[in-house]
Amino acid sequence: MFDINGACAEGLTPLVILDKGSVNHDVYIKKVLPIAQKYANKVLGDDWTFQQDNAPPHRDDIIQKWCRENMPQFISCKRWPANSPDLNLMDYCIWDELNQAINWSQVQSKSTLIKEQVSFLQNDGNFLR
């Protein structure tokens, strides 16, 4: 599984690679949310809003509580439309760009897929700007 944490006017958060097990609230809180928080604090300061889509880990009550308590501002999953192309640029724009940019002839395994994704994000990941 791959998770690009987030996107903002300043770019994408670092790629988080989760390749063992499923993503439950514990994994998400320990491995994903701190990276999003650190990146946003670094590039946006202390006045920003965190929002997620309605993916199962995002809806978890423990994650919702963690976000309310740790993010400067937070839009809960109950207030965010799950499948809106206009509002969910991760699913409807960024993943599409990434998918089209990958040299699929080079992808022979999970590790080569990760290598292709990392290469794109490091070299060509400024397509948001």
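Which helix holds His58? His58 sits in helix α2, where helices (H or I, at least four residues) and strands (E, at least two) are DSSP runs numbered from the N terminus. The structure is a predicted model, so local features need pLDDT of at least 70, side-chain atom pairs count only at pLDDT 80 or more, and totals for chains, interfaces and linings use all residues. Residues are numbered from 1 along each chain as its sequence is written, and side-chain values use heavy atoms, with hydrogens and water left out.

**The chain as a whole**
- Five helices and six strands make up the secondary structure of the protein chain, in the order β-β-β-β-α-β-α-α-β-α-α along the sequence.
- The protein chain has 129 residues, and 37% of them count as buried (buried means under 20% relative accessible area, exposed over 50%, partly exposed in between, with a 1.4 Å probe and protein chains only).
- Of the contacts between residues at least 6 apart in sequence, 55% join residues at least 24 apart; a contact here means heavy atoms within 4.5 Å.

**Around His58**
- His58 is buried, with a relative accessible area of 12%.
- Its side chain makes a polar contact of 3.0 Å with the side chain of Tyr28 (a polar contact is a pair of N or O atoms within 3.5 Å; within protein, one must be able to donate a hydrogen and the other to accept it, and residues adjacent in sequence count only if both atoms are side-chain atoms).
- Beyond its neighbours within four places in sequence, His58 is in contact with Tyr28, Gln52, Asp53, Ile63 and Gln64.

**Helix α3, one side in and one side out**
- Helix α3 spans residues 61-70, and its buried residues are Ile63, Gln64, Trp66 and Cys67.
- Those buried residues fall within an arc of 160 degrees seen down the axis of α3, so they line one face of the helix; the arc is that of the directions from the helix axis to the C-beta atoms.
- On the other side of α3, Asp61, Arg68 and Glu69 are exposed.
- The cover over the buried residues of α3 includes α1 (25-44), β5 (49-51), α2 (56-59) and β6 (73-75).
- At the N-terminal end, Asp60 caps α3, with a side-chain oxygen 2.8 Å from the backbone nitrogen of Ile62.

**Cysteines**
- The whole structure has zero disulfides, a disulfide being a pair of cysteine sulfur atoms within 2.5 Å.
- For Cys77, the closest cysteine sulfur is that of Cys67 at 9.7 Å, too far for a bond.
- Cys67 is buried at 0% relative accessibility, and Cys77 is buried at 12%.
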